[in-house]
Amino acid sequence: MTSLFTAARACLDAATADDKPALTLAMAAAFARGELVVDDDAPPPAPIRMPGRPARPVLVHPRDLPRRGFGTDEGRAAFIHAVAHIEFNAMDLAWDAVYRFRGMPAAFYADWVAVAGDEARHFNLLRERLRDLGRDYGDFDAHNGLWEMAEKTAHDGLARMALVPRVLEARGLDVTPGMIVKLRGLGDLATVGILEVILREEVAHVAAGSRWYRWYCARAGIEPRARFRELLRDYASGVLHKPFNTEARLQAGFDAEELESLLAQADAPGH
């Protein structure tokens, strides 16, 4: 396998909690060694479809997921599972960006392959922590919201960069600091350590989304702030919730006007 697009497709198709992160890490390392190339003669990407997934977790509507506190081992394990599920999806989101959006600069592919490798490492850390608590990935139900946004934006790299890294994945920048405080108060320093790694590295992932969103806008002659407001209105109803981690979002490439747009959309009637 020498084509980066073939490697990305194989990672998308990998269907178990062992295979997807293992193949992702192997392909990211192969790319870093120069063994995978952007093949200009590769066949075009296939239509988007569900990537490979294990039989469990069962995917349900977000409102059907029980709300649990951190006060019990079960509640803590359910939280760690939810974060692991995000990281599992994030591998697919990064690989789909590599696979689907052709004719991009080499740095685009380098960014998203590196993100995929980070997400695989995050997933493995969280899965190991789940096992410490006597559970495993798949033991709790989960939802499919991240991949549903990938499906909605499969036709448009600009919208994908705006909405997946900068809206859905950036949510982790907002909520993770509070989770770290709660878990530290409970003495769960092992989980705190993992979340601190994820938070630090996710800033760079969201920043990659910001960088390539602006690249797409510049190529198309589109004003990025106004377009971001339009995309939030059209796609992000119901997924924006305050408070926002202003400091982390500024580090991740948001500007003050975009943060105001996020706040306005979160405050919109019927939101």
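Arg166 sits over the face of Phe228, 4.9 Å from the ring centre. Arg9 lies over the face of Tyr99 at 5.0 Å. A charge counts as over a ring if NZ of Lys or CZ of Arg is within 6 Å of the ring centre and within 35 degrees of the ring normal. The model is predicted, with local features needing pLDDT of at least 70, side-chain atom pairs pLDDT 80 or more, and totals for chains, interfaces and linings using all residues. Residues are numbered from 1 along each chain as its sequence is written, and side-chain values use heavy atoms, without hydrogens and water.

Phe228 also pairs with Phe254. Their ring centres are 6.1 Å apart and their planes meet at 65°, so the pair is edge-to-face. Rings of Phe, Tyr and Trp (its six-membered ring) pair if their centres lie within 6.5 Å; planes under 30 degrees apart are stacked, over 60 edge-to-face, the rest tilted. Phe228 belongs to helix H9 (residues 224–235) and Phe254 to the loop between helix H10 (246–251) and helix H11 (256–266), so the contact ties together parts 26 residues apart in sequence. Both Phe228 and Phe254 are buried (under 20% relative accessible area, 1.4 Å probe, protein chains only). The count of aromatic pairs is 12. One aromatic cluster is formed by Phe5, Phe108, Tyr109, Trp112, Trp212, Trp215 and Tyr216.

Helix H8 covers residues 189–220. Helices are DSSP runs (H or I, at least four residues), numbered from the N terminus. At 1.5 Å times one less than its number of residues, the 32 residues of H8 should span 46 Å; the end C-alpha atoms are 47 Å apart, which agrees. Gly221 follows H8, with a positive phi near 70°.

Technical notes:
Helices (H or I, at least four residues) and strands (E, at least two) are DSSP runs, numbered from the N terminus. Buried means under 20% relative accessible area, exposed over 50%, partly exposed in between (1.4 Å probe, protein chains only).
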